Structure formats: C-alpha cells, structure tokens
Amino acid sequence: MATQATTRRGRPLATPVARRGAPQVAVYLGLTLALVFFLFPVYWMLSTSIKPPIEWLHNPPVFFPSQLYFRNYTDALFDQGGLKGLVDSAIVSVTATVIGMAIGTFAAYSLARFKTGGTNLSFFILSVLFMPPVAIAIPMFLFWSTLGLVDTYVALIVQYLLFTVPFVTWVMKSFFEDISPAMEESALVNGAGRLRAFWEVVLPNARPALVATTLFAFIFTWNEFTFAVLLSRGRVTTLPFILPTLMESHYILWGDIAAIAAIGALPVVIVAFALQRYLVRGLSFGAIKST
Amino acid sequence: MRLSFTNEALLSVAPSRFIGLKNYADLLHDSLFWSSLLITLVFAASVITIQLGVGLALALALDRLPRFQQVIATVLLIPSILSPSVVSFQWRALFEYDSGVLNYVLRLLHLPVQTWTASPKGALWSLVLVDFWQWTPFMVLLLFAGLKSLPHSVLEAARIDGSSGGQVLLFQTLPLLRRVIAVAVILRLIGAFKLFDIIYMLTGGGPGTATESLPFYTYVQGFRYFTVGYSAALSFVTLILITVLARVILGYMERPIGRSLKAAVDVKAA
C-alpha cells in the first residue's frame, strides 16, 4: 500500500480509464442500444419505401426487403402528388425562411443595439413562440378566409413568417448582444454609415448564428403541420399535409407513403448533417451558446 | 385574446357579445377541461422525467466516447428534426397490430401483444413513447453541449481530491449543468403543452377522450363545436399555465445555486 496512491479514506485511486464512474463497456452498450432504438423507425421507413407491396404488411415483418422496388418512389411522386408536395414545400419554406431571416436579423440588431421597445418588446416577441399553434388557429383561419386567401401560397408564407420572424429575432438578438460593439464603432468612426457598418462588419461576424437560425427556420417551415392542414383545401399541398391525407384512405399504400415520407425527411436531414456544427444554438433558441 | 371574453360561435347567427368571465367560469365546471388538463400534466411529467433521465445518461456516455462524438450526436438527432407527419407515419407502421414491429418483438419475448394507440389505457403511453423517441435525442444534444462547456479543471480537481465518479456527478456536474437542464426542461414543457399534430394523426384524441390533451381539446372546441370564444379561453389558460410552470422551474433551478456551490466547495475541502 505504501507505493500505491490512495484517497483519504484509503481507497486506491482509480486508474485513469476506469476513474470516471461506470465502466466503458456500459458506455458503448448504452450508446449502441440508443442508436438502434432511435434509428430503427427511420430505417423501417426507408426499407418500407423500397419493399414490394406484398411485404408492406407482412406478418412477421420483413426486415430486409427481398428486392429494391423503386416503383414506390415513382408512384409516390407522380400518382400520389409527391412532386407537387415537394415543390410546394420548397416554395413555402424557402420563401418564409429568406424573408424571415431578412426581417428578423434587422429586428434583432435593432433590439440588441438600440434597446428598441425596452425589455418588454423582446419578451413579447419570444412569447409568440411559446403559444400553441392551435391557440391562434381559429382567429388566423377567420382572418385568411375574410381576405379570401385560404389555400394560397401567400397565406401560408405569411403565416409561417409569424413564427420565423420572432424565432430569428430572438436567436440573433442573443448573438448580437454577445459581439462587442467596438468593431462597428470603429467602422462608424472611419466614415461608414450605420447600414454599411451592419452590412460589412457585423453580418460577416454573425455568420455562425445566421447559418444556425436559417437552418432552423427552414426545418420549422418545412415540417410545420397544423397550419399546412388548416390553410389548405387541396391547391397548396405541402408534404406534411399530403402524408396524413394518404394515411386516412381505406387501403393504405404503405410503400408509397413511406417513399413520400422519406422524400420529405431527406432535405432536412441533409441540411442538418451539412451544418451539424450549428445545430445546438438553433435548437436551444440561442439559450445555450456553442460554436 | 379578446375572443375569450365573448360568446362567439361560428354557427350562431346572433352577433357575439361581451360575456365577461363566463367562459372562464364555465371552464371550472367542464369535466372535459379537467380531464384534458390531467392528461396534459401526466404526459408532460412523464415525458420530461424519462427524457431528462435517459438524456442525461446518454449525454454522459457520449461525453466519455473517445471519438466520433459529434457524428453520433448528429445521427441521434434525426428523430428530432423530422416532421410530425413523418414521425406519425413511422409509428403508425410500428404500432400496427398484426404486422407491426413492436408487436412482433413482444411475441418474440412471449409477452402479450398490445393494441397501442387503439386501447384507452395504452394510447397515452404510446404517445409518451413516440415523444420519448422524438425528443430524447434533442435532450441528449443540449445536455451534451452543456457538458462540453463545463470547466474541466473543476471536475479534475474534485477527482484528484478523491471524490468518486458518483460524487463528482452529483455535486459538480449536475449543479453546473443546472441552467442547461432548466432550458431543456422548459423547452420540453412548452413542447408537451403544445403537442397537437402527433395526437391528431396518431390517436385523434381517442379512443374516446383518452388522449385529449389541452391543445387537442382547444381544437375540438374550436373546430368541431365552433365555440370559438370558449376555445380562445382554453388557449389562454394553457398559455398562463405554461408561463407559470416555466417560472417555477426557472426559480427552482436557479435558487439553490448558492447551496450547491457551497456543497461543491465542501466536497473539495473534504
């Protein structure tokens, strides 16, 4: 015992590998189980999307499709309205994201630097995000039907702006508050206008936050369900609207729906992977700073 | 908001008029309101507890992984970024009685098969399972980011001074993670109180009213009975509840920081 380092109570000091609590085996086991559990439904969707019809509802379930049946995808795109859904989703979510970013970033800068509206305005903006969508669904529906704009791109885009603008404002505000005003001030001293200082000095420095918020505004608008259903009568059909309508039919075409679901999931997963470094900040509304 | 004080109803010919607090008084006598509140609270409490527990365990595990941490965190996150439509579809397939994978696994284990979303008792727990699946990864990522931002010197110091892994976790890591945990819990709380789309697609509030949560009941009142004023009152009550609960959690999470810091110092001194 004389040579071995011990703690005050005489227990030997653990070796570096084991000294952080549970054994490393548990770490690997736990993470493997987690990966299987959290990815299985995704795998199931993907595999169903390439299963021939006979295997869709097979009992016992078919874990590995016997052939690559890509007809599901062509059927989904051309017969089930998947292509239209994809186009509509893209139009609505890209427009709402871009406009939301433009308005929200300026609003955030204003809130962060000039304390526009005091503390209450920014909290009010945040509270819009906490509201259950159902809560404003009826008033908004009445509003759009009075204007005769139900089932138009404009209605859905403006509706989404009601969420993306506050979201972008809130996250970007926390970011602008973090960066020191010194740089813009030196630009201002050197003769640049406010707008130019913002454009050429602040924005390039805000790139990580801009990417993160764009990513999340896009994911939100791409996925949104409540208003996609509420404000659609069959002309503007985003992917989240199409899926449940297909599931309500008498004979559920599992493979076709799985194909549409996979198509709907793909863009979001791609951007999330491409921009994984920026995920945390957007996810936590900027409450946790990272990157 | 103004609507909640009127008797506005889409099917009524009479113009809406101001009825003061009558909608709110009616709420108190509405057994469906109370049951929906109970359902929402049970749902929120169970998903938050399980997600926080499992999320924390996974985040700690991830933190100890020698490599590929970021990749695994991102892959894990896929459920949280999927559309509720996609999620509902995936689980509809898994919940299928005859050909669903869940019942297949139960049969393999010689356990009784379930009807999942179709049974009055099981429907809510099926929704808890789906929510657990969708949002635990989100919890993991937040907590993992929180763990990464901790000052490692403090934790190392505690180790060197001889506290066990459990002690470090309890007295150092968790108190330091307090803010992150509060944020995660509040975001999930809001999510649980807002949850509508998945319920709409998976159970439709049923069987009966077994999964009629507050937002879903708001929807039923507004879109099935067209009692818009009452529905607005419901959403306002929901909003107040979320705000109060979030305040309570924030207060609870931030108050005892002095005490835990002291505890941390004590551990180091010991």
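How many helices and how many strands does chain B have? Select chain B and colour it by secondary structure: there are 13 helices and 0 strands. Here helices (H or I, at least four residues) and strands (E, at least two) are DSSP runs, numbered from the N terminus.

Before going on, know that this is a predicted model, where local features need pLDDT of at least 70, side-chain atom pairs count only at pLDDT 80 or more, and totals for chains, interfaces and linings use all residues. Residues are numbered from 1 along each chain as its sequence is written, and chains are lettered from A and ligands numbered from 1 in the order in which they are written.

**Next stop: where the chains touch**

Show both chains. In chain B, 62 residues are in contact with 57 residues of chain A; contact means that the C-beta atoms of two residues, placed from the backbone, lie within 7 Å.

**Last stop: the core**

Which residues have the most contacts inside the largest nonpolar core? Select Ala261(A), Val140(B) and Leu143(B), in a core of 143 residues. Such a core is a set of buried Ala, Val, Leu, Ile, Met, Phe, Trp, Tyr and Cys residues joined through C-beta atoms within 7 Å; a residue is buried if 20 or more other C-beta atoms lie within 10 Å of its own. Helix H7 of chain B (residues 122–148) gives the most to this core, with 16 residues.

Finally, centre on Ala261(A). Leaving aside neighbours within four places in sequence, Ala261(A) is in contact with Met45(A), Leu243(A), Val86(B) and Phe89(B).

Key: Buried ≥ 20, exposed ≤ 12 C-beta atoms within 10 Å, placed from the backbone.
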